[in-house]
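Here is a short report on one structure. Look at the sequence and the model first, then read on.

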Amino acid sequence: MGLCYSPGNEDFRQIRKAEYVDKSGIISFVNSRINVPKKFICFTRARRFGKSYAVKMLCAYYDYSCASGELFSDLKIAGDGSCQTHLNQYHVIYMDITWFISQLFSQGKSIDQIVQLMQSQVIEELAVDYPQIEDGTDLPTALFQIAESTGRQFVFLIDEWDAIFREVADNGSVKEQYLNLLRGLFKSPVTSKAIAVAYMTGILPVKKYGKQSALTDVLELTMVNPGNLADYVGFTEEEVKSLCRKHGLNVEDMKRWYDGYSFDSSGPVYNPNSVMEAIAMHNYDTYWANTETYESLKSYIEEDFDGIQSALRCMLSGQDVPVNIRKFQNDMNILKNRDDVFTLLIHLGYLAYDRNTKTVRIPNEEIRQEFITAVEDSGKHVELARLIVRSRQLFRDTLAMREDAVAEAIESVHLSSSAPLFYNNEQALRSVVRTAYMVCVDEYAEIQEMPAGHGYADLVYLPRKGSPLPVLLVELKWNESEAGAIAQIRDRKYPKQLENLRHDILLVGINYSEKDPNKKHTCKIERIVAPGR
């Protein structure tokens, strides 16, 4: 048993001793790729989304040097017809690229030696069991010789495959050496018979040069398109509900804090690490988002790179923003525009992507709080930081029914955030109000155009379960009057729809008249006391 060759099942055994959410179904998928044309899988996910757990599970399952039957007998894979066929039947090579980098630095060696270290470490371990491997033999040839002599193929597992691209981004020579090693392993007649299947995981997809992947014939599954493995990106809704029932936690709170990732082939997907931390601590907080990968992006956000701050302002208020993900080169150091930055943030888990609308959004409260913290801590987010402060004050003024202050705040946001061409526009006013009330997302669920009474309420903010806050029912008018907005709310019986919530309701009417040379906004607020109070 070695670090890289025949790693055994001890790591997965330790994982099983703790609370384990059964993700063994991924083994069925990997089994289906054994010895087929596209047998090299790259499944990338955000940091702490269970990548290493999956690799350690695969080590335990495939490694012929150990017996792992009891570790899988009670898991989903046990019911799959392929389970016994492949259980503990292969040579396994496991490479954690971050471990190699740390070893190199601890030995005081140059990063230029990383590829040599990787090959020599694996070959040295292979030579312990197969001394016939001659000095100077490269890794692909060594694998071929062993597979030929033993009649047993290899399963190749690489964790954090993209760490070199993240850690030594400016060293083109090292990156090219590494890619050549991977090409030699996964696209070579020497290894095509020796390797039954390969599984790589990391954060970034395989680097592209133009439109071409640096590694062809690799089946790529990502945070943008996880394909058949969508349920394995994180925790599914059913898995989270089961955990909440077991530990007495509120599903709605867990959803608000850690959900927000969803894909065509699955329902909601939750951040697994944060869910487990919340269970352990019995508290909802930002357990995951403050990572070193985010630090490297702060310069783009702080400098308002290609209008990022304007888009971020929209997302902080709960709005989706269009994005083109297709030109991203899968490289953290080649970011040419806002779309590239947002695409990278999707892969890092800071934004969620909707393939149908081709938009991005902030997925949940955890990530939203991290963005707000980044904005407030930075000396360069001045306008956005002011908007957050102003939004908090607007929220207080609304609850206190200070009509003039609310109108003034809405007017200020309207003046600062709308281009002159679109200023006199009802949709622009709606966007302005959503932006102005951005902090309400902390305490409320926002609903646009909610069916109510005999029409649709423009904006409704529903307080979270157990909250003492009132419902906010906001009606917008353009070239009419704030009193007319309140009258419409009452005439169309919008509040009737909300009475069963047993919360007070604040009716907020906002009007803007383009004919007013001072671009004056006006506001009227009325309270409806909940029945029985």
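## Around Asn88

A polar atom of the Asn88 side chain lies 3.0 Å from the backbone oxygen of Ala60. The Asn88 side chain also reaches the backbone nitrogen of Ser68, at 2.9 Å. A polar contact is a pair of N or O atoms within 3.5 Å; within protein, one must be able to donate a hydrogen and the other to accept it, and residues adjacent in sequence count only if both atoms are side-chain atoms.

Asn88 lies in the loop between helix 5 (83-86) and strand 2 (91-96). Helices (H or I, at least four residues) and strands (E, at least two) are DSSP runs, numbered from the N terminus. Asn88 has 12% relative accessibility, so the residue counts as buried (under 20% relative accessible area; exposed is over 50%, partly exposed in between; 1.4 Å probe, protein chains only). The residues that Asn88 touches include Tyr61, Tyr62, Cys66 and Arg152, leaving out those up to four places away in sequence. Contact here means heavy atoms within 4.5 Å.

## How the model is read

This is a predicted model: local features need pLDDT of at least 70, side-chain atom pairs count only at pLDDT 80 or more, and totals for chains, interfaces and linings use all residues. Residues are numbered from 1 along each chain as its sequence is written, and side-chain values use heavy atoms, with hydrogens and water left out.

## The nonpolar cores

The largest nonpolar core has 105 residues. Such a core is a set of buried Ala, Val, Leu, Ile, Met, Phe, Trp, Tyr and Cys residues joined through side-chain atoms within 4.5 Å. Tyr62, Phe72, Tyr199, Phe342 and Phe371 touch the most other members. Helix 3 (residues 51-62) gives the largest share, eight residues. Another core, of 47 residues, lies apart; Cys4 and Leu182 are among them.

## Aromatic pairs

The whole structure holds 19 aromatic pairs. Rings of Phe, Tyr and Trp (its six-membered ring) pair if their centres lie within 6.5 Å; planes under 30 degrees apart count as stacked, over 60 as edge-to-face and the rest as tilted. The Tyr5 and Tyr130 rings have centres 6.4 Å apart and planes at 65 degrees, so they are edge-to-face. Both residues, Tyr5 and Tyr130, are buried.

Tyr61 and Phe72 are also buried. Phe12, Tyr20, Tyr61, Tyr62, Phe72 and Tyr90 make up one aromatic cluster.
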